[in-house]
Amino acid sequence: PRPSMCLSLWPSGMKLKKQVTVCGAAIFCVAVFSLYLMLDRVQHDPTRHQSGGNFPRSQISVLQNRIEQLEQLLEENHEIISHIKDSVLELTAHAEGPPVLPHHKPNGSWVLPPESCPSFLSVSPQDCQFALGGKGQSPDLQMLAVYSLLPFDNQDGGVWKQGFDITYEPSEWDTEPLQVFVVPHSHNDPGWIKTFDKYYYDQTQHILNSMVLKMQEDPRRRFIWSEISFFSKWWDNISSQKRAAVRRLVGNGQLEMVTGGWVMPDEANSHYFAMIDQLIEGHQWLEKNIGVMPRSGWAVDPFGHSSTMPYLLKRSNLTGMLIQRVHYAIKKHFAATQNLEFMWRQTWDPDTSTDIFCHMMPFYSYDVPHTCGPDPKICCQFDFKRLPGGRINCPWKVPPRAITDANVAERAQLLLDQYRKKSKLYRSKVLLVPLGDDFRYDKPQEWDAQFLNYQRIFDFLNSRPNLHVQAQFGTLSDYFDALYKKVGIVPGMKLPGFPVLSGDFFSYADREDHYWTGYYTSRPFYKSLDRVLEAHLRGAEILYSLALAHTRRAGADSRYPLSDYALLTNARRNLGLFQHHDAITGTAKEAVAVDYGVRLLHSLNNLKRVIINAAHYLVLGDKDTYHHDPAAPFLGTDDTRPSQDSLPERTVLRMDTLPRFLVVFNPLEQERLSVVPVLVDSPHVRVLSEEGQPLPSQLSARWSSATDTVPDVYQVSVLARLPALGLRVLQLHKSLDGHTMLKSSVRLYLHGRDLPVRKQEVVPMHVFPAAADDFCLENQHLHACFSGRSGLLQSIRRAGEEREQRVSSEFLVYGTRTSKDKSGAYLFLPDGEAKPYAPKDPPVVRVTEGPLFSEVASYYQHVQTVVRLYNVPGVEGLSLDLSCLVDIRDHINKELALRFSTDIESDDTFFTDLNGFQIQPRRYQRKLPLQANFYPMPAMAYIQDAQSRLTLHTAQALGVSSLSSGEVLRSCCFWGLPRLDDNRGLGQGLKDNKRTCNRFRLLLERRTTASKVQDGRPISFPSLLSHITSMHLNAEALVMPVAQEKPALRSFTPLSTTLPCDFHILNLRMLQAEDDSLPSAEAALILHRKGFDCSLEAKNLGFNCTTSQGKLALGSLFQGLELGSLQPTSLTLMYPLGTASNSTSIHLDPMEIATFRIRLG
């Protein structure tokens, strides 16, 4: 490998002469080090023997060879040295006089001063091996291949409509009897038709109260529970005697907590941060209150299943899991081949460390008619809540009958027949039979009806040895344990004789062509708010943890608002609640969606307070002056939201004679060079660093509509370098000379429409009555061209390349069917191909050009889009920033989609992420209807060919497809318009027509070493640049104005070294003390090492990016703090892994997420 180089980033206050010396020294070190490495390599590098080592014996030719190699190496090194020299020359060119600000060239383009901090990308070749893969054995079942194989012909299967007739020989169980576990359960949605609280008061509390009573009546009874959000609310309201009874039931195995998350999360739209967070919240609650650790996962209702979930459960030390909502054709295929139980392995796993045993339920639903066996007409007769005289009956017209001595033989035989048939679909002689439904067991009568009647059947079956069956109530883990015991291994080990599967289970259809792809985009406003809250929660957790560690170290924690911990807990729980499969999915009733919205907004406001309180302490120059006054916060917020369904309104700074100060928080673990926007009430503003150096900034107008500016409000965009996870102090001065601020200029094209224009005097603006010709914008990395007529993007060219890449964007409209089945909150049922969006008026197009960014805004009747190009070195300038503001309050039953058409030869393949954690290749299946080819896109999707990759990054979960080669990403149904009810129990159509803002980044990358073999594999990874672009989009810098007179402030830089750029600090969260409203001395540090693809060119990243083969020294990571202890644990902290050693260095494999229990102070 080439010598990796490092050049430290010097503080801006240092004199330049000193910088040049540092550079000189660096060049000298690099040169010497390189020569040493070369000689070393010449001796050891077998790959450099071109002739395969068949040298003539003479020493001379060996020497000659050595010299040639040295020359070659010197040549290589020459490039590196000249790169550094250029950087030094750039620096010395500006050594004298004030810092150079951007200037305008005669041809009208803006030139930025050269970046004063040269950046390096140094990725070790070992770190590139992972994405090439090829180590592990391939799985028996690869879901991408299964999809290609199946006919999806939906034939009528008889009583089991979507399956086939099952037959058996009665003698099959003679040698090994059938062991049946009937598992009573009650599926409690934390919000759906009713709100969380209403369900609790009407139903859930009664279910849990009867459970304590009824389970104690007979030790043979069993029950499982999964939603800790409900359970913890109930726990807070019950007596200590009742709590003791619950602990006994859990202790003796009658009651099992399954999965143990705060909710049973949606697996399509949820982001992995929130999935883990709600799992930790539930597990921490269980450990503290009941002292129990969940062993098995139970997910009967999420609408399709992601492979991220088995990974998280496995890393939390669960040993088995169950899933239910899988496409009926896959269920049928797996049933026919006895593959319904399998070891689920991650696609990227080189060995078997991610394997977890998974049970897939075979039939249509998790209710009683579809769980005892293939015939719902028979199974329904064994749902004893439906006994005649009750409120619900059997739709198959044969009611259940109470079990008596007279009928037990006939009834038991009928049920056993179903059990035996169901058992034939599995490989073992152990059978799982769930017994429950939504909000079941809420009355004592129902407990009696189910438990007494079933016990009579079990007693009969078990007393007849000739039937060769043993039936009993069981928990989910009772079933898994019996299965493990049959095979003779301990739980968690690989089960011999079961297939290995990799891939996921999207998209889901429950019958016919009813694909549940509508919920990828239902209620987009809340999907967006979810991610805003998530970013704030992560930022608040980290800053609170750091502030607490620093105050404790200084002995000042008595003056710090420790009570902010309760606000963090509340936010964790509200974000957790929203991951529920009827919340983030957008499939709950309107009033319930509003209830979620109110909770999300409440927590968002609380988190802003936590961040402000932490930032206040951390930026004070003299910490002794710290005084927390809740009535007068030290910092203001960047924006406010008047109500749960309104878009944020940005704060406007009032400028007067005294300077205003800003504190900018960067929630990323990498330093970033960003354009920070601030609204002010005066156009005469100078922005300085805390040392008083002027910073490049751009003045633009603030627009209230296509043609109206907001009077007396201006946007100042500042280019600032922000420390990793740190706080940077900036100052704003009112300036009298108007020259220092660089203004943007505006061209407004009215397209023949007669519209009044409200200008601002200060910002130069030209109004054109007609439409524009096609035009282009460029920065130092990209050249983007737009249609003058539509104002939409047409092509992108990367700097230094001849070829333009067609990337044309357009809006499309999908209608919905006129038949009885219609698109709704769950389903997407279009009436055919999309048609071009044709608004009644042509758009108004506004082009803004300036030194730090240029943008094109297009205003249509229902949607306005802004495409922005940052003229900034590094990540911000390497992709296009896109935002769409959608307002479709007058469109009935239409779906709006955005399509990008390119000349990338992607064939039928595209790639979408799962939960922002991993990438899943997809194939457009022509044999399936249009709606079946849509997939979740929580964070990104891309298409590629041998030359290029185009990635669409998103800041909110949406649905995506690629319906023909080179067509990306119709982020369909982008904006769910009012939709009708789709008969999935919701009972109302979706009128989710709030004004919604969707944010994207469009990244075009050059592929350098693509191979057909590589591209054919069922696995893919983003590049490092792509990962970091996604982080920039999802973790915006937070701007907080200092509210009071300014005491001495100092920027806060928490990290003492640069983190390797494939490491992500997923969270640093304080753990709760005995009093759960306060923090303990310990925190959980959760790290993720990202898998990345090196075959995409990485130039001009704008920050120092190095990787370290997964090694990280945590001991010295946090500046001014000591790492008191470091204990690796399971993902949710329930199990310590290994012993706590004195070493503070850790190692992580690519893609792995690891949790550490630490003490900082």
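**Entry 1**

I started with Phe911, which comes out as buried at 4% relative accessibility. This is a predicted model, so I keep that in mind for every value below. Tyr942 is buried too, and its relative accessible area is 0%. I then checked how the two rings meet: their centres are 4.9 Å apart and the planes make 20 degrees, so I noted the pair as stacked. Phe911 belongs to strand 37 (residues 909-914) and Tyr942 to strand 40 (residues 940-944), so this pair ties together parts 31 residues apart in sequence.

**Entry 1: another aromatic pair**

My count of aromatic pairs came to 61. I picked out Phe303 and Trp516, with ring centres 5.0 Å apart and planes at 55 degrees, so I filed this pair as tilted. Where do these two residues lie? I found Phe303 in the loop between strand 8 (296-299) and helix 9, and Trp516 in the loop between strand 14 (500-502) and helix 15 (524-553), so the pair ties together parts that are 213 residues apart in sequence. Both Phe303 and Trp516 are buried.

**Entry 2: helix 9**

Phe303 pointed me to helix 9, so I looked that up next. How many residues of helix 9 (residues 308-315) are buried? Eight of the eight are, so the helix is largely enclosed by the rest of the structure. Asn317 follows the helix, and its phi is positive, near 70 degrees.

**Entry 3: charges over rings**

I looked for lysines sitting over aromatic rings. The charged end of Lys233 is placed over the ring of Tyr200, 5.3 Å from the ring centre. Lys623 lies over the face of Tyr617, with 5.4 Å to the centre of that ring.

**Entry 4: salt bridges**

The structure has 60 salt bridges, and I followed a few of them. Asp478 and Arg222 form one, with 3.4 Å between the closest N and O atoms. This pair links distant parts of the chain: Asp478 is in helix 14 (residues 476-487) and Arg222 is in the loop between helix 5 (196-215) and strand 6 (223-225), 256 residues apart. Buried or partly exposed, I asked of Asp478? At 24% relative accessibility, Asp478 is partly exposed, whereas Arg222 is buried at 17%.

Next I took Arg1001 and Asp881, whose side chains meet at 3.1 Å, N to O. Arg1001 sits in strand 44 (residues 996-1006) and Asp881 in strand 35 (residues 880-886), so parts 120 residues apart in sequence are tied together. Arg1001 is buried at 4%, and Asp881 is buried at 17%.

I also noted a network: Asp383, Lys385, Arg386, Arg440, Asp442, Lys443 and Glu446 are joined by salt bridges that share partners.

Last, I looked at an open sheet whose four strands run in the order 46-47-52-50, paired antiparallel. Strand 46 (1063-1072) and strand 50 (1123-1129) are at the edges with a single partner strand each, so one side of each has no neighbour in the sheet. On average, neighbouring strands are turned by 25 degrees against each other, direction ignored. Eight bridges hold the antiparallel pairing of strand 46 with strand 47 (residues 1079-1089), and His1064 has His1088 in strand 47 as its bridge partner. Helix 8 (residues 272-289) packs on this sheet and touches strands 46, 47 and 52, its direction making about 25 degrees with that of strand 46.

Definitions and conventions: Residues numbered from 1 in each chain as written. Predicted model: local features only at pLDDT ≥ 70, side-chain atom pairs only at ≥ 80, totals over all residues. Heavy atoms only, no water. Pairing = 2+ DSSP bridges. Axes fitted to C-alpha atoms, helices over the stretch in contact; angles between N-to-C directions. Contact = heavy atoms within 4.5 Å. Buried < 20%, exposed > 50% of the residue type's maximum accessible area, 1.4 Å probe, protein only. Phe/Tyr/Trp six-rings, centres within 6.5 Å; stacked < 30°, edge-to-face > 60°. Lys NZ or Arg CZ within 6 Å of the ring centre and 35° of its normal. Salt bridge = Lys/Arg side-chain N within 4 Å of Asp/Glu carboxyl O.
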